[in-house]
Amino acid sequence: MGALPVFRWRLAPDGYATRRQLRTLGLRPGGQDVAAQLERPRRRRGPLVAYLYRVDLAVPVRPMTPARRAALAKANRARRTCPVCRRDAGYVIPAALGCCVPCADPSPDEGPEGSTE
């Protein structure tokens with residue numbers, strides 16, 4: 001395999017797209033290798049890199065089935081459930097905290113569940 005073609009930011013030719021651009025077109029890479037890359041220069045740091053795929057080799061996105069939708073909802077619900085108080089926090093619990101904000105930093109007059117006694 002040879003070196004990838006490198007294009008400057010906003011100067012990629014037609015026929016190439018990033019994963020996000022493919023997704024907006026209703027496509028996915030479909031197992032193809034990265035075809036090229038974009039580089040956006042930055043001061044005092046290395047360039048930002050975006051990988052490009054060929055649009056003509058992309059395949060349609062698989063349709064969302066009821067089973068996949070249910071599995072996705074279950075996974076998202078698990079990410080919102082606090083392991084300490086077992087309540088739905090209403091947001092994805094940060095991995096740095098490991099539990100919801102009230103359980104991670106309870107006030108002195110509140111218990112670990114956040115209820116005032």
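Two strands count as paired if DSSP finds at least two bridges between them. Helices (H or I, at least four residues) and strands (E, at least two) are DSSP runs, numbered from the N terminus. The structure is a predicted model, in which local features need pLDDT of at least 70 and side-chain atom pairs count only at pLDDT 80 or more, while totals for chains, interfaces and linings use all residues. Residues are numbered from 1 along each chain as its sequence is written, and side-chain values use heavy atoms, with hydrogens and water left out.

An open sheet is formed by 4 strands in the order 1-4-5-2, with mixed pairing. Strand 1 (6-8) and strand 2 (16-17) stand at its edges; each has a single partner strand, so one side of each is left without a neighbour in the sheet. Two of the pairings are set out below.

| Pair | Sense | Bridges |
|---|---|---|
| Strand 2 and strand 5 (residues 45-54) | antiparallel | 2 bridges |
| Strand 4 (residues 36-42) and strand 5 | antiparallel | 6 bridges |

Ala17 stands opposite Tyr53 in strand 5, and Glu39 has Val49 of strand 5 as its bridge partner. The hairpin of strand 4 and strand 5 has 2 residues between the strands, and in this hairpin Arg44 takes a positive phi near 65 degrees.

**The largest pocket**

A pocket is defined on a 1 Å grid over the protein atoms alone, as an open set of points where a 1.4 Å probe fits, with protein on both sides within 12 Å along at least five of seven lines; lining residues have an atom within 4 Å of a point. Of its 13 lining residues, the closest to the centre are Arg10, Thr18, Gln21, Leu38 and Leu52. Strand 2, helix 1 (19-24) and strand 5 each supply at least two residues of this lining.

**Thr18**

Thr18 lies in the loop between strand 2 and helix 1. With a relative accessible area of 17%, Thr18 is buried, a term that means under 20% (1.4 Å probe, protein chains only). Thr18 touches Ala50, Tyr51 and Leu52, not counting residues up to four places away in sequence; contact means heavy atoms within 4.5 Å.

Key
Buried means under 20% relative accessible area, exposed over 50%, partly exposed in between (1.4 Å probe, protein chains only).
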